[in-house]
Amino acid sequence: MRLDKFLSQQLGISRNLVGRELRAGRVTVNGDIVKSGSEKIQPDDEVAYDGNVLQQLNGPRYFMLNKPEGYVCSTDDPINPTILYFIDEPVAEKLHAAGRLDMDTTGLVLLTDDGQWSHRVTSPKHHCEKAYLVTLAHPLAADTAEQFTAGVQLHGEKHLTKPAALEVIDEHQVRLTISEGRYHQVKRMFAAVGNHVVALHRERIGEIALDPTLEPGEYRALTEQEVGSIYGSGMD
């Protein structure tokens, strides 16, 4: 990668400003001052700005976060705090959520800078399952599971929802597994059958389950097996 492109990404400034910093002698590569932005850097080169080493990114990155309530899944929001608050990684702003959660929904969020991978997670044609723990305001009606298997009509939409699996935990708490990602889908499905969701927690995406050791706000890198499972889940 060219040095000026790397510095622009790392410092979050334009290449014109990078050129100014280079000419000022503020950048070193392996301890030597470099003033040319066209210099090619290798993965094992040590690049420093004002003596602070900048970490190179070696390939795409994949993380899971246990999202707490009160944070939005966009990476830039002028009003609300975002999930990037919890991510202590170089150039964290390059990451995006592969499948967002509402501000009041908690649980599993996947973050990556690999657009093709996140498309596999979110694209309807890949049928990547999402499992949610749902807390309801009213006791579950006896025929809800049957209705969800058949598909329900969401307000303002033409087509029924795809078959969804409902596991009853008790009369106020269920586990719902869906293979779509319509806007506010889980909440709207229960509204369609006369109930109301008071708490929603995502437990799983595809074969990737939320790590039970992660406290709200904690995150970890995905394993190679977890990353690869996205390409093996669902149908093409």
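Modeller: Axes here are lines fitted to C-alpha atoms, for helices over the stretch in contact, and angles run from 0 to 180 degrees between N-to-C directions. Helices (H or I, at least four residues) and strands (E, at least two) are DSSP runs, numbered from the N terminus. This is a predicted model: local features need pLDDT of at least 70, side-chain atom pairs count only at pLDDT 80 or more, and totals for chains, interfaces and linings use all residues. Residues are numbered from 1 along each chain as its sequence is written, and side-chain values use heavy atoms, with hydrogens and water left out.

Take the helices. Helix 3 (residues 115-122) packs with helix 6 (residues 224-232) at an angle of about 60°, and their axes are 9 Å apart. That makes helix 3 oblique to helix 6 (under 35 degrees is roughly parallel, over 145 roughly antiparallel, 65 to 115 roughly perpendicular, the rest oblique). Helix 3 brings Gln116, Trp117, Arg120 and Val121 to the contact, and helix 6 brings Val227, Ile230 and Tyr231 (contact means heavy atoms within 4.5 Å). Of these contact residues, 5 are nonpolar, 1 is polar and 1 is charged (Ala, Val, Leu, Ile, Met, Phe, Trp, Tyr, Cys and Pro count as nonpolar, Asp, Glu, Lys and Arg as charged, the others, Gly among them, as polar).

Now the strands. Strand 8 (residues 130-136) runs antiparallel to strand 10 (residues 173-178), joined by 6 bridges. Leu133 stands opposite Arg175 of strand 10. Strand 9 (residues 165-170) is also antiparallel to strand 10, through 5 bridges. There, Val168 has Val174 as its bridge partner.

Notes: Two strands pair if DSSP finds at least two bridges between them.
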